[in-house]
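Biologist: I am new to this structure and would like to learn how to read it. Could you guide me through its features one at a time?

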Amino acid sequence: KQIIHQVEMEHFKPTFSRRATRAKSRKSRIGNSLIVISVFIVASILLRDAPDLVILFDCDGQRFLTEKNEGVTIIDENVNVKSDVQVGFESDAEGFEAKSETTSESESNHSTSAFEDNYIDSNDNNERDVELMEICGRKTAASIPNPKQCDSSIGKRVLLVEKWDKYGRTGNNLREFFHLFQYAKDEKFDTIAIVKEGWMTDAIMKFWYAIEESYEDWQKKFEEAFCVKIISDKKELKGRDIHKITGRDLFYFKSPEDKKTKIDNQKDLIKTLFQSYNEGNGVDVYDKPVEDMCSAIDASLGEIKSSAVYSVIHSRKLESQGNEVLKRTSEVTGCDPVAALNMDPDYVKSILEPIGMLDHPILLISDGENPDVFKRLHKDPDIGPQIREVPKESSWLGGDMTLAIMSNAFIGNPASSLSAFIAQSRVAFGLNNTYLFRSRDGGGEWKDVCDENCIFGPRLAL
């Protein structure tokens, strides 16, 4: 096996992000480069067996690669280091420390390390002077979205979301929220109006944009973030051409716009939501206290949450409809019709073993309807030592959702709209190792069968 020597110094501490969060000066880069070269020369003298590969991380995530007998090469932070070796990150908490593993390219079509390559390339991060988003103490690879330029007036043609007409549960409601903006754009409405105490504000404020100070401050913040108008009474729209739309209409809406543009728009909305995630402070529009989106991360990862390495499995039975819904999803996407419902050990291991995640904690989140999933996984000799559940006092929909979004690897149910939202958020934040659509090939090996288009594709109502 090749050996990784990860050198930790005051100026070269490992970081979970592979991209720098702020640019350094040229002088600083040259100075750091000289330090790296000096450290390598000293290390080579002191070490009996020279390492095959040395990877150093500085405090901003700059990566330097030195290959044995081939001099010193400075690798730009935006370039992937291609290697058979997976680089981990140490922590003081038992079970969450990362270890070096070796993999072969043939083991998985996700041939990336869950630690070193947890991030995928993001089109909006090509510049060095980019501030990256951070959620519950864990870094993403996505830049903070630019403020929107909104017209504060109410236009002539208004698209109205009323108090009632909710359709489905949380995952469906989030899909309807995203479709609202696409529908308004396609149909050329001047203004989107949302009733203050309605199903849509309720669906959003459970997780994001709590009222922490005055209602007026919240209203201004929400309206400017999404370019909408929050109204208390439909009389505020007097004289306008009003078009009412229901949750069901939004859920099944299909836009003619090209797929890439729609996906980019949804990514931007997801990032805008997480710019103001709830942390247990404030209330919703009904004056009900909000919960903490970071509860599951804080309770499960503790003080090492910024660098902890872990996987999340989302087990969803989908009531009595589960088998039928996943079967129909399978017909559309080509995924296995039962595997994501059962979450059998072999299925889970086919995902986590090739990326070296069986040596790290595996957290299960679920709707509680199929306790047999946890029992089966706990009995497995490989998964059992690592599988665990989120502490009950800290487990709730928003906390579990954030825990899954910010994990190093996520295994979800492609028939679940909540799993879909988690996967979509991971794509929006540039996070890799997301597994929803899997099926066996002709040789019996598990493979991914659908790409980002499926993650952002049509969902079945649950």
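**Reading the open sheet**

Modeller: Let us begin with an open sheet of five strands, ordered E14-E13-E12-E15-E16, in which the pairing is parallel. Strand E14 (387-389) and strand E16 (434-435) stand at the edges with a single partner strand each, so one side of each has no neighbour in the sheet. Two strands pair if DSSP finds at least two bridges between them. Helices (H or I, at least four residues) and strands (E, at least two) are DSSP runs, numbered from the N terminus.

Biologist: Before we go on, what kind of model is this?

Modeller: This is a predicted model: local features need pLDDT of at least 70, side-chain atom pairs count only at pLDDT 80 or more, and totals for chains, interfaces and linings use all residues. Residues are numbered from 1 along each chain as its sequence is written, and side-chain values use heavy atoms, with hydrogens and water left out.

Biologist: How many helices and strands does the chain have, and what share of its residues counts as buried?

Modeller: The chain has 14 helices and 18 strands. Buried means under 20% relative accessible area, exposed over 50%, and partly exposed in between (1.4 Å probe, protein chains only). By that rule, 54% of the 462 residues of the chain count as buried. Contact means heavy atoms within 4.5 Å. Among contacts in the chain between residues at least 6 apart in sequence, 75% join residues at least 24 apart.

Biologist: Back to the sheet: how many bridges pair strand E12 with strand E13?

Modeller: Strand E12 (residues 311-315) and strand E13 (residues 362-366) pair in the parallel sense over five bridges. Within this pairing, Val 312 has Leu 363 of E13 as its bridge partner, and Ile 313 stands opposite Leu 364 in E13. E12 also runs parallel to E15, joined to it by three bridges; there the bridge partner of Val 312 is Phe 410.

Biologist: Which residues of E12 lie on each side?

Modeller: In a regular strand the side chains alternate between the two faces of the sheet. For E12, Ser 311, Ile 313 and Ser 315 lie on one side and Val 312 and His 314 on the other, all of them buried. E12 is thus described as mostly covered, with five of its five residues buried.

Biologist: Which helices lie across these strands?

Modeller: Axes are lines fitted to C-alpha atoms, for helices over the stretch in contact, and angles run from 0 to 180 degrees between N-to-C directions. Helix H10 (residues 345-352) lies across E12, E13, strand E15 (409-411) and E16, at about 150 degrees to E15. Helix H12 (residues 397-405) lies across E12, E13 and E15, at about 140 degrees to E13. Eight of the nine residues of H12 are buried, so H12 is largely enclosed by the rest of the structure. Among the buried ones are Met 401, Leu 403 and Ile 405.

Biologist: At what angle do helices H6 and H13 cross?

Modeller: The axes of helix H6 (residues 259-274) and helix H13 (residues 417-428) come within 9 Å and cross at roughly 90 degrees. Angles under 35 degrees count as roughly parallel, over 145 as roughly antiparallel, 65 to 115 as roughly perpendicular and the rest as oblique. H6 and H13 are therefore roughly perpendicular to each other. Gln 266, Lys 267, Ile 270, Lys 271 and Phe 274 in H6 meet Phe 421, Gln 424, Ser 425, Val 427 and Ala 428 in H13.

Biologist: Where is Thr 191 placed?

Modeller: Thr 191 belongs to strand E9 (residues 191-195), and with a relative accessible area of 6% Thr 191 is buried. Strand E8 (residues 157-161) runs parallel to E9, joined by four bridges, and Val 158 has Thr 191 as its bridge partner in E9. A polar atom of the Thr 191 side chain lies 2.7 Å from the backbone nitrogen of Gly 155.

Biologist: And is Glu 324 buried, partly exposed or exposed?

Modeller: Glu 324, placed in helix H8 (residues 322-333), is partly exposed, with a relative accessible area of 44%. The C-alpha atoms of Glu 324 and Ala 415 are separated by 9.5 Å, although these residues are 91 apart along the chain.

Notes
A polar contact is a pair of N or O atoms within 3.5 Å; within protein, one must be able to donate a hydrogen and the other to accept it, and residues adjacent in sequence count only if both atoms are side-chain atoms.
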